Amino acid sequence: THFGEQTVAMDDKQSMVNAVFHNVADRYDLMNDLMSVGVHRLWKDAMVNELAPPKTGSRPYRVLDMAGGTGDIGERIINASVGYAEVVVSDINTDMLRVGAERAKSWRYPAQASFVEANAEELPFEDNSFDAYTIAFGIRNVPRIQKALNEAHRVLKRGGRILVLEFSQVDVPGFDAFYRAYSDNVIPPMGKVVTGDSQPYQYFIESIRKFPNPALFTSMLVEAGFKRAKHTSFTGNIATLFSGWKI
Ligand code: SAM
């Protein structure tokens, strides 16, 4: 059946994504800095600023950082809350989590994080159990995006918030041509020099080009049940921050 074929294609996508991150895990952070010339740090800071995690409260503030990889969003959230937030850094890839857990030993508040292997499409967490769900540059790697958003909605408490940071297609005249040339001609060779392989970075560029545009992605948040869904674009639309509330 058509549906059956689609399921196989989705499973293929996940295996391919897993192989990519298995191969780059150890050099992932370095590649992020090189490819984005450090700008990913500013976008991530802006995301955490928008979340504005509380610094004190009468009960724990629990965050699920999905596709959290090497943990840098988790670390930022905990630091912004001055050690108050409790973050579950979750990712489908053991290698990314291994690098993250190792790095976390030298964080300012290492006890505030835990690392849990999980698939964003089927979360092993209870309903209504998190105050916030964050996912940075992760959702476009998930084969069934709608399923992951539905799961995010399920595990959030009422009053909880989702923030999604993701690349988008650059459509700023002039800049789009530069960005396309940079993506095609600089990123894969850079990936080859640093990680020994250009193929993962070819995947990376294609996955950005295939990702739903901001209006469509916002409608998927609404479909999952999120209210007050909105988005903000950064740096000539290279990245977009989406926000929604479970109310
Ligand atoms: N959040 C980190 C950051 O911003 O640097 C890591 C982002 S990295 C580009 C994408 C991550 O998505 C990888 O660590 C990958 O293993 C993870 N991932 C891919 N498919 C996933 C899935 N179905 N469920 C959970 N994580 C997934």
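Visitor: Helices here are DSSP runs of H or I, at least four residues, numbered from the N terminus. So which helix does D29 lie in?

Guide: D29 lies in helix 2. Keep in mind that this is a predicted model.

Visitor: What does the D29 side chain make a polar contact with?

Guide: The side chain of T70, at 2.8 Å.

Visitor: Which residues is D29 in contact with, leaving aside neighbours within four places in sequence?

Guide: T70 again, plus V99 and R103.

Visitor: How many residues surround it, and which are closest?

Guide: 22 residues surround the ligand. The closest are Q14, Y28, K44, D91 and A120.

Visitor: Take D91. What does its side chain do there?

Guide: An N or O atom of the D91 side chain is 2.6 Å from an oxygen atom of the ligand.

Visitor: And A120, backbone or side chain?

Guide: Backbone. A polar backbone atom of A120 is 2.9 Å from a ligand nitrogen.

Visitor: What about A136?

Guide: A backbone N or O atom of A136 also lies 2.9 Å from a nitrogen atom of the ligand.

Visitor: How much of the ligand does the protein bury?

Guide: Taken alone, the ligand exposes 610 Å². The protein buries 99% of that.

Visitor: Back to helices. Which one gives the most to the shell around the ligand?

Guide: Helix 1, with three residues. Helix 1 spans 2-24 and helix 2 spans 28-35. Each supplies at least two residues of that shell.

Visitor: Last one. How do the shell residues divide into nonpolar, polar and charged?

Guide: 12 are nonpolar, seven are polar and three are charged.

Key:
Residues are numbered from 1 along each chain as its sequence is written. This is a predicted model: local features need pLDDT of at least 70, side-chain atom pairs count only at pLDDT 80 or more; totals for chains, interfaces and linings use all residues. Side-chain values use heavy atoms; hydrogens and water are left out. A residue is near a molecule or strand if one of its heavy atoms lies within 4 Å of it. A polar contact is a pair of N or O atoms within 3.5 Å; within protein, one must be able to donate a hydrogen and the other to accept it, and residues adjacent in sequence count only if both atoms are side-chain atoms. Accessible areas come from the Shrake-Rupley method with a 1.4 Å probe; for residues, only the protein chains shown count as cover. Ala, Val, Leu, Ile, Met, Phe, Trp, Tyr, Cys and Pro count as nonpolar, Asp, Glu, Lys and Arg as charged, and the others, Gly among them, as polar. Contact means heavy atoms within 4.5 Å.
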